[in-house]
Amino acid sequence: MILANYLASAALFCIGLYAVLARRNMIKMVMGLSLMEGSTYLFMISLSYRAGSTAPVLLNPPPGQSTRTLAHGNVADPVLQNFCLTAVVIGVAVTAVFLSVVVRIAQHYRTLDSDRVREMRG
Amino acid sequence: MTPADGGARPEAAEREPLHRPRLGAAIVTGMAVAMTVAVAGIPREHSPLPAVARYALAIALPKWRLTEPVNEIVYGTRGFDTFGETFLLLAAVVSVIVITRSREPRRGYFGEETAAGRERSESDPAEPADATEDAARRAERREQDDRPAVDQAPPRDRDQAALGAPAPETAAAMTVVVRTAIRVVLPILAMAGLYLVAWGYAPGGGFPGGAVIMGVVLLVYAGFGRRRIGRAVRPALLEGIETAGAVAIIATGLLGLLLRGSFSANWLPLAAPQTILSGGIVQLFSASELAEVGTGLTIAVFALLAMRHDWTPDEPGGRAGHASGPASQASGPADERGEHADDRAGPAGDPRDAVGSARPGGPADRSRP
Amino acid sequence: MTGAALASLLPLPVVLPIAGAVAAPLLARVSARLPVIAAVVALGATAAVLMLEAPGVFGGRVLAHYLGLWRPVHGKALGIAFAADPLGLIFALAAAVIGAILLIYTLSELGGLGPRELGGYACLFQLLLAALIGAALTADLFDLFVWFEVAALASYGLTGFFLERPIALEAAFKILVLTTLASFSIFTGAGLLYASHGALNFAQLQAALRGHVTTPDLIALGLLIGGFATKAGLVPFHGWLADAHTAAPGPVSALFSGLMVNLGIVAIARVTFGLYGPGSTPVLGLLLVAGLASALLGAVLALAQDDLKRLLAYDTISQMGILAVGLSTGSAAGIGGAAYHLVNHALFKSLLFLCAGAVVHRTGLTSLSQLGGLARRMPVVTAAFVIGALSIAGVPPFNGYVSLGLIHQGLLEQHEAIAYALMLAAQVITIAALGRAAWLAFFRPRAQDHGQLEQLRPGMLAGLGCLAGCCVAFGVAPRFFLETVMAPAAAGLLHPGRYASAVLSGSARLPLPGIPFDYAPGELAAAAAGLAAAGILAWGYLQIAEPAAVRVLRAAHNGSANDYAAYAVTGTLAVIAALSLLPRLPGHGVVSGGIAHRAGPGLASHGSGRHRLGCAEGMLHAFVAGQPVGESGDPQRLGVPVAGARQRQRSAGGHELLPVTDDDRQAARVHEVDSREVEDHPAACPPGLCQAVVKLPARDDIEVTADRDDHAVAPALGRQPESFHPASRRTGPLPGAATQAHRMPAYPLCARQHPPRRGAGRPGQGSARNISLGAEPAAATRSPAARPLTAARGRERSTGHYAARRNARR
């Protein structure tokens with residue numbers, strides 16, 4: 001079991017979620033969400049791994065295997081890697097929007113403390 | 001948790017409220033336990049590949065005559081997901097543009113602006129900016145107006161500079177080492193980005209290619225400053241390329257519908273495997289994706305960098321922004337501090353023109369009451 | 001147009017608004033209003049394409065199409081499926097039509113914005129609508145996630161649109177945090193489901209999840225529900241909703257409330273009914289609890305609000321709760337009522353938000369205490385607001401009465417008296433809240449008159465008029481809409497098996513339930529009583545100070561993004577815990593099925609459900625074939641091949657080899673049919689072995705027939721024969737001996753073979769033979785047919801009659 005990957009993913013996820021839940025600085029919250037997204041990338045890629053498999057790149061097969069046998073043999077899961085690519089793009093997009101919103105909030109409220117940015121309550 | 005009090009501004013607690021770290025730790029532990037149970041229960045690396053993946057490798061790949069399963073899945077078989085993702089990125093770029101936009105003249109009465117003025121006076125802090133914030137704003141304005149830092153004036157006559165004194169580096173550019181390195185690396189990186197897309201039978205594709213191209217542009221910006229990059233990279237050009245990429249992607253799908261009867265079907269002849277044109281619409285999609293992603297992300301980054309204080313008063317009690325329409329309500333007394341006016345009277349035209357954005361109004365819109 | 005051609009047009013409603021969105025920034029350079037006009041045109045074209053599909057789909061069919069013509073192979077989908085079922089189609093139509101109305105409204109109300117602003121607005125608006133339509137029409141879990149994300153990103157930009165308002169940016173931050181957490185939940189849930197079952201297609205996943213739902217599946221369901229409930233605004237995931245709706249521009253709030261939150265409910269319905277099946281998990285009870293909590297909390301907080309748009313936002317939370325309650329009934333009336341309420345909510349909430357947006361845009365005032373006396377100045381807006389309020393209140397000529405009445409009917413059918421009472425209480429409080437708002441904002445005489453207010457422009461009049469007219473139309477012709485639209489929508493959810501078979505094969509018919517509706521005097525009296533109670537409550541609330549309970553609730557909504565995120569994640573954890581720890585509700589009485597692994601001489605099994613009534617404890621081993629989905633009540637299919645069907649394999653020791661689909665994963669299941677229920681026992685095909693073993697407690701007796709097309713079995717079960725595969729039938733207790741099969745040493749067999757009634761389907765195979773059952777398990781697993789699967793993979797011929805049958809069926 002690629003334990004290290006899963007443990008790292010879990011650790012990143014926990015740190016990220018804790019930052020979102022418990023840190024008031026908005027930049028720290030954004031960083032927490034980025035960490036959580038990073039943990040999902042690692043998680044998906046680790047899920048796509050198969051024991052003893054090689055990467056799903058059929059271009060230059062490892063010695064002893066042809067493209068055909070590799071396609072029928074033991075490779076990692078390319079569909080989950082598609083997932084991961086999509087998630088990376090989503091992460092970039094969301095982080096860009098996040099940061100622009102945070103800068104605008106800082107211009108208005110002149111603080112980065114989410115406890116001071118609470119005009120709408122109740 | 002502070003109780004809901006009528007209109008007073010919420011004050012953050014002096015210390016971190018204790019309930020948050022504890023509650024946060026408890027929730028995080030719970031989620032970690034749930035995820036561990038889930039991961040322990042699913043088949044992992046000792047289970048065989050799912051049928052979808054198997055078919056993608058064994059059936060779809062030969063049909064597309066490609067050798068790169070991930071590219072084939074992303075742009076070919078599950079191309080509609082990537083289609084959606086492209087427009088996700090477009091939505092993000094347009095959201096960033098909308099949030100970072102500068103003021104434009106509006107016609108008609110906008111009650112939202114009245115409401116905004118009222119809300120600003122209630123919620124935006126009334127105390128004046130402290131020294132650090134002032135300095136930060138001045139530095140930001142100086143960078144955006146593209147003027148040199150006042151405390152680093154180079155000597156009038158270079159020949160009079162002391163021998164051995166370091167060359168006057170302005171804040172606009174990096175050291176000569178960095179600039180030379182960038183000049184060397186730039187074409188290699190650009191070629192690498194195009195390479196990632198051109199050879200569709202090798203790992204790569206539009207997304208990494210676009211990211212590399214964006215990295216190239218940002219390198220030039222970081223190394224050479226805004227004016228140099230602004231001459232080459234104009235928002236009109238970028239937006240044009242982005243629109244062209246998006247239109248190409250839509251057209252690729254629609255032509256599949258028209259010619260082959262299904263939306264993302266392949267309608268290009270399939271070239272031999274391991275050539276540049278192999279894969280039919282996979283390559284077309286990938287190349288359009290490069291254009292779209294690269295330019296889109298670049299637009300987003302430059303929009304972020306060009307954000308101004310159009311929507312908030314630069315000084316407390318000052319007028320917010322300048323390009324507001326004649327009918328909009330101002331928020332406070334229209335007094336201008338001297339420095340404020342000085343900075344605004346800087347280079348004619350929107351300093352964003354350095355990056356080339358076409359502002360709808362002209363300098364005439366910078367009306368002051 | 002043929003069904004297949006119509007189905008191939010299904011991506012067009014998604015692509016057309018996207019094309020409009022791409023064109024918007026270009027058109028903005030030409031003229032400020034051109035992007036919005038182009039958007040209206042694009043949405044009109046979208047609605048036209050959807051109307052093309054409408055007659056077939058609303059007639060009770062589900063149309064499916066595989067993009068790129070990547071049709072499923074052996075029942076495993078390779079590409080992305082688009083399926084138009086009635087619920088998705090009505091949601092997409094509502095999105096297109098109401099979106100167009102909102103854009104016309106924008107043109108006249110917000111037409112004075114600058115060109116780049118308006119271009120960006122039109123672009124984001126259309127991307128959001130395209131994403132909603134895409135999510136409604138897709139039959140692929142990952143595609144649903146992608147469109148969900150597109151909608152989320154477009155909503156961020158639209159929330160923070162008026163940058164001069166600080167609350168807009170604050171709201172944008174909160175919606176960002178919460179929706180990003182939600183998308184993380186959905187992504188992880190989808191990833192877990194894929195990793196467990198290797199499928200992303202709804203039909204395949206449904207087949208994989210049938211009957212045997214493991215703990216990771218339940219955790220995935222919890223994550224999915226947590227994520228979609230955040231979008232839907234159910235309690236406790238609702239922290240972003242009030243803020244975002246308050247701060248967004250008027251038409252954008254209408255879009256959010258009327259359409260975007262509905263996306264969450266539609267997705268929950270798809271996942272709950274379409275994927276997991278309501279009986280196998282306690283998810284319906286969870287939906288009921290969450291729905292009632294949302295309904296009550298939304299109503300109470302709406303009553304206590306001072307800001308007009310925030311009040312309407314809390315009412316949205318309440319209505320989403322009512323939708324969830326309707327879905328949780330699981331009956332035709334309840335689900336039909338929920339579908340009806342979906343459309344109704346889109347109409348009347350958009351109407352209300354447009355009125356509120358018009359008020360804010362003209363007067364610049366947002367709080368109810370400062371408003372007042374608008375009835376004289378803005379009569380049209382007042383009238384529209386009153387119509388919207390009456391619709392929510394459930395007053396008979398308007399549409400709310402119909403949908404609420406149907407949901408009440410559904411609740412009463414399920415004998416949920418407490419839920420009915422709570423829902424009535426929530427309705428009363430909602431009516432009181434809206435009445436109070438109408439009084440304070442419009443009818444209350446104001447000491448100081450407003451200044452000159454702008455006249456209504458024609459676009460706004462058109463928009464308000466259209467929506468109000470639709471409210472009336474959906475109210476006065478309920479039976480028409482029920483029969484044509486809502487009953488098929490309910491059928492789509494109630495018969496997920498048909499949906500799944502449509503997705504796999506291209507189209508399928510849905511049996512349409514009859515949902516009766518009439519203006520019962522009891523309901524009318526209850527409605528009148530509710531109105532009276534609400535009036536008293538509203539009057540009373542205007543006089544008294546805020547009660548303590550309301551103050552506590554308001555204090556809990558303290559505006560902090562961290563706390564809202566904490567509520568949402570706690571809610572997700574609670575859902576996960578409830579799903580995995582609560583005992584699974586008795587659904588169809590799953591007989592314990594076993595999954596046999598190759599490990600070891602004995603057969604290990606895991607997963608067992610409840611036993612049914614039966615005879616002695618025993619084990620029966622059978623080799624069974626993988627079959628695609630059916631549903632309860634259908635004669636099920638059990639592929640029984642004949643010798644030689646798998647040319648490369650010999651049957652092992654007198655056993656019949658059943659073809660297993662070329663799949664490395666779970667491929668085999670047996671469906672047992674008896675007169676009442678259908679069970680499904682997933683079995684695993686261990687890798688390298690082309691057979692699957694199912695271990696069943698032989699309290700029930702399995703009679704396996706090799707009857708190829710069901711003719712003998714089906715009439716015995718009182719059903720029409722279908723040209724499917726043989727069925728196994730459960731008969732009464734049998735004497736213990738098996739036939740020529742080997743005796744299981746430790747387990748008495750309760751099985752019998754049944755001579756086939758009809759001959760074999762494939763030429764050259766001789767007569768159909770029987771399945772022989774009950775081998776020594778170790779011998780079975782060490783059968784000589786344990787060839788590597790690669791030899792048979794991808795060869796359709798080797799699956800014998802099974803493939804032939806499938807091809808014939810297509």
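Start by selecting C:Leu127, C:Leu128, C:Leu132, C:Ala151 and C:Leu351, which touch the most other members of the largest nonpolar core, a set of 389 residues. A nonpolar core here is a set of buried Ala, Val, Leu, Ile, Met, Phe, Trp, Tyr and Cys residues joined through C-beta atoms within 7 Å. A residue is buried if 20 or more other C-beta atoms lie within 10 Å of its own, exposed if 12 or fewer, and partly exposed in between, with C-beta atoms placed from the backbone. What you are viewing is a predicted model, in which local features need pLDDT of at least 70 and side-chain atom pairs count only at pLDDT 80 or more, while totals for chains, interfaces and linings use all residues. Residues are numbered from 1 along each chain as its sequence is written, and chains are lettered from A and ligands numbered from 1 in the order in which they are written.

Stay with C:Leu127 and show what surrounds this residue: leaving aside residues up to four places away in sequence, C:Leu127 touches B:Phe87, B:Leu90 and B:Ala91, as well as C:Ile18, C:Ala21, C:Val150 and C:Ala154. Two residues are in contact if their C-beta atoms, placed from the backbone, lie within 7 Å.

Now colour chain C by its elements, and you will find 27 helices and ten strands; helices (H or I, at least four residues) and strands (E, at least two) are DSSP runs, numbered from the N terminus. Of the 810 residues of this chain, 69% count as buried.

Next, show chain B beside chain C, where 78 residues of chain C are in contact with 78 residues of chain B. Several helices give two or more residues to this side of chain C, including H2 (12-30), H5 (115-137) and H14 (332-363), and H6(C) gives the most, with ten residues. By class, this side of chain C has 44 nonpolar, 21 polar and 13 charged residues, where Ala, Val, Leu, Ile, Met, Phe, Trp, Tyr, Cys and Pro count as nonpolar, Asp, Glu, Lys and Arg as charged, and the others, Gly among them, as polar.

C:Tyr66 has C:Ala81 as its bridge partner in E2(C). From E2 (residues 81-84), C:Ala81 and C:Ala83 point one way and C:Phe82 and C:Ala84 the other way, and all are buried.

Finish with some backbone details. C:Pro236 sits in the loop between helix H9 (215-232) and helix H10 (239-247) of chain C, and the peptide bond from C:Val235 to C:Pro236 is cis, with omega near 0°. C:His415, in the loop between helix H17 (399-413) and helix H18 (417-443) of chain C, has a phi near 60°, a positive value in a residue other than glycine, and C:His415 counts as exposed because it has 8 C-beta neighbours inside 10 Å.

Key. Pairing = 2+ DSSP bridges.
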